[in-house]
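These are my notebook entries on one structure. I went through it topic by topic and wrote down what I looked up.

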Amino acid sequence: MSQQASCARCQSSEAELVVRAEHLCRECFLKYVATKVLKRLEMGKIRGGFKELQKTLLLPVSFGVSSTTLIHVLDQQLRNRVQQGRHAGYNLHLLFIDQSTVIAHMDIGSYIDLLKQRYPSHCFTFISLEDCSSYGVEFKGLLGSNGGRFQDIVSGMASATSRADFVEIARRRLVVAFAKKHACDGILFGDSTTRLAERTLSETAKGRGIAIPWLTADGSSDGINCIYPMRDLLRKELTAYVGMTTPPLTSLILESSTRTPSSSKDTTVDGLMSQFFESVEANYPSIVANVVRTSGRLVAPSVPEDAQLCSICGQPVFIGSWGGDQQSVTSSQSIDSNGSQIGGARCYGCARIVLKR
Amino acid sequence: MAPTLCELCKTTRALIVRPKNHQKLCKSCFISIFETEIHNTITSNSLFFPGERVAIGASGGKDSTVLASVLKTLNERHHYGLNLILLSIDEGIKGYRDDSLKTVKRNAKQYDMPLEIVGYDELYGWTMDQVVEQIGKKGNCTYCGVFRRQALDRGAARLDIKHVVTGHNADDTAETVMMNLLRGDLPRLARATSIVTASAASDIKRSKPLKYAYEKEIVYYALHKGLDYFTTECIYSPEAFRGSARTLIKNLEKVRPSAILDVVKSGEDMARLVPDEVSAAGQGGKDVLVVEGEAYRAGGCGSANGRSSGGEMADTERQLLESEKAQGNETEISHLGQKHDRNCKIPNRTLRKLPKQQMGKCVRCGYLSSQDICKACMLLEGLNKNRPKTQIQVSVDEEDNSSRLTRRMESLKIIPAEQM
Ligand SMILES: [Zn+2]
Ligand SMILES: [Zn+2]
Ligand SMILES: [Zn+2]
């Protein structure tokens, strides 16, 4: 480590960290992060033009490093524009979805208070996964889905992987339903490069490879414009960022729980992938970015007009037998790939969720 | 406590928990369902035709031994009418291949199948022992993989056989899917999962009847059928590496038994999402490099079926860093994360880098290649250049060396030109 290295960008301040083989000072690093985010936002062409109405962009908040940085960078941009007397082009609507009925959480109340204090100019809404049905998000054919509580549906599932998978699906569907109900013009998802890479491999492992473009790419998905402004930033860069702002954002960050679960019964496919990418990010950061670049080049499948939508995840179901299913074998495990007799079609990945073992 | 009964026949005591779905089965139901599933794979993909002569790429390891045993059983049971032949490669590795070849020779007797052995020494003038002596252990798998692919084709051509089956299992396929995602190799992602691969470099069809069979089930099957196979891994293959795609697949299987199959399913689906121009670029073009390189992944090692060593992650990272440096950071942004209701075909870097090239013959050995000189001959050139004179014995210069290879190749029955 060269200790007196000066910043490679401004050449004047002392470098405080190395970002993608470049020594940067604190100021230049903050600028680097903000530029990456804003560039992405511009590319999404989601901001209202000069003469258009202000657009409303929904920003789901998780109190992780990525969505918190996103709020911070956009809030700064909006403030700057207001100060300069310029047209901002968009409003932010922050949304927090409470998962405390299904995932053990520390008390979130104090975090929300802090967030509202620090970013008072944005609309903030708090809803719970239990509100799914009031937003029309239903899971036809699942045990307990008939007017039951969301937590009962979740607890009816046989494995930790299925529960985690289902909660993620429900969260996304609820975000989309909320955005539509409140006539938002787009959703700004806070997923970092690392998170998108994790998701790519994780969805692959859960048999949802076909849906990867819908779950990771910028553009219209589920009938609304979805943008991932954090896609060019690694999690470790964001972790550094939240400690460097003035004042630091660290008090807004809920500790992530990627640590190994105490029992293997609680290990999930998603959790495994987080661990995997934690080490990949540390040792091979270019690979992380490369995975996201690669999945970004996959082209969403064309969907037949009469395609049925999966009653759980809402994605189109592609009917057709699959060699790996070995369906001509009479087996108690044979997967019910269209499942119409038990309430709605199911995609391959969701058929796995309902398996009893 | 009453013994658990088999979930299928419900009469015999269950002795096996099926790795794939944790179904509890008796021994004979397990063997029968394992065979039936492979039969389904064969029939639903119409892998064979009656009277077809099929070479089984046999290494003596568990996968190819189980493949030979199952194919023999199914061929008789369902009257496929196949003519099955064992085809083995002798890489020339003392203490590994000579022992495993003994296994293959026993298998040939046990299954009453003819056996053909093709040696690296007769094809290339080098055994792997000699290659390692010259270049060291690092990177030798690349040589072995490139040589192997041609060797299988040449062995098949010598026997006038147009179809080689290999023992690649579901774990291998799943690993390849993950590795291609990590390496960002879309052309290979587009074809990694297909059960039949027609190589651009030969007219010999390859297929993988065990594609949906779990490695663990293959081991159980071999165990319960009392099959005679060779367990030692290649002495030159590098140590398994934590964090490799293989480890990831094994961990996923522990968390959710269906995961291996689910990855294969995703891989097949994603193959359809690879833009045509990318997958097509992978068919001809510069990609013989990739096609030949595939041997390095798929079936690189006779015993390991090309599973990753983990060194691949470090290699990939290095390559990415180099290309980033070469491209400069700013251009990179332009093709990240495109719109997905994209009717527009956004040109991108990789595409531009894949010029269409005509397939031709290697000027040295006559093997199909998009380059003037095929990969094997390139590697040989490097080897021969550095070969100590004393070892060459006859004083030959480089030219002579390559013509010596040409003679070797010619002595084999080479695919007639009109078939290329
Ligand atoms: Zn600076
Ligand atoms: Zn679904
Ligand atoms: Zn039984």
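**Entry 1: start with a cysteine.** Before anything else I note that the model is predicted. I began with A:C310, which has a relative accessibility of 4% and therefore counts as buried, the limit being under 20%. I then looked up A:C347, which at 11% relative accessible area is buried as well.

**Entry 2: zinc ion (ligand 2).** Which residues coordinate the zinc ion (ligand 2)? I found A:C310, A:C313, A:C347 and A:C350, each through its SG atom, at 2.2 to 2.4 Å. The angles between the four donor atoms run from 103 to 120 degrees, so the arrangement is tetrahedral. For reference I wrote down that the ideal angle for four tetrahedral donors is 109.5 degrees. Along the sequence the donor residues have the spacing C-x2-C-x33-C-x2-C. Both A:C310 and A:C347 sit in the loop between helix 10 (285-296) and helix 11 (348-353) of chain A, and they are 37 residues apart in sequence, so the pair ties those parts together.

**Entry 3: where the chains meet.** I turned to the contact between the chains, which takes 63 residues from chain A and 64 residues from chain B. How much area is buried between chain A and chain B? It is about 5700 Å², and carbon and sulfur atoms give 59% of that. A:R293, A:R297 and A:W322 supply 15% of the area that chain A buries against chain B, more than any other three residues.

I then counted pairs across this interface. The rule finds one salt bridge and 13 residue pairs in polar contact. A:R352 forms a salt bridge with B:D262, with 2.6 Å between the closest N and O atoms. Several elements of chain A give two or more residues to the side that touches chain B, among them helix 1 (26-43), helix 5 (160-181) and helix 9 (269-283). Helix 10 of chain A gives the most, with eight residues.

**Entry 4: chain A as a whole.** I counted eleven helices and eight strands in chain A. Chain A has 357 residues, and 55% of them count as buried. Among its contacts between residues at least 6 apart in sequence, 71% join residues at least 24 apart.

**Entry 5: backbone details.** The peptide bond from A:T246 to A:P247 is cis, with omega near -15 degrees. A:P247 is in the loop between helix 8 (235-242) and helix 9 of chain A.

I also looked up A:D222, which has a positive phi of about 55 degrees although it is not a glycine. A:D222 is in the loop between strand 7 and strand 8 (224-227) of chain A, and at 28% relative accessibility it counts as partly exposed. In chain B, B:H79 is not a glycine either, yet has a positive phi of about 50 degrees. Is B:H79 buried or exposed? At 67% relative accessibility B:H79 counts as exposed, and it lies in the loop between helix 2 and strand 4 (83-90) of chain B.

**Entry 6: one serine.** Last I looked up B:S64, which is in helix 2 (residues 62-77) of chain B and is buried at 6% relative accessible area. Its side chain reaches the backbone nitrogen of B:S59 at 3.0 Å. Leaving aside neighbours within four places in sequence, B:S64 is in contact with B:I56, B:G57, B:A58 and B:S59.

How values were computed
Residues are numbered from 1 along each chain as its sequence is written. Chains are lettered from A and ligands numbered from 1 in the order in which they are written. This is a predicted model: local features need pLDDT of at least 70, side-chain atom pairs count only at pLDDT 80 or more; totals for chains, interfaces and linings use all residues. Side-chain values use heavy atoms; hydrogens and water are left out. Donors are N, O and S atoms within 2.8 Å of the metal (3.2 Å for Na, K and Ca); water is not among the atoms, so sites may look incomplete. Four donors count as tetrahedral if all angles lie between 85 and 135 degrees; four count as square planar and six as octahedral if opposite donors are over 155 degrees apart and all others between 65 and 115; anything else is irregular. Helices (H or I, at least four residues) and strands (E, at least two) are DSSP runs, numbered from the N terminus. Buried means under 20% relative accessible area, exposed over 50%, partly exposed in between (1.4 Å probe, protein chains only). Contact means heavy atoms within 4.5 Å. Buried area is the accessible area (1.4 Å probe) that two parts lose on being put together, summed over both. A salt bridge is a side-chain nitrogen of Lys or Arg within 4 Å of a carboxyl oxygen of Asp or Glu. A polar contact is a pair of N or O atoms within 3.5 Å; within protein, one must be able to donate a hydrogen and the other to accept it, and residues adjacent in sequence count only if both atoms are side-chain atoms.
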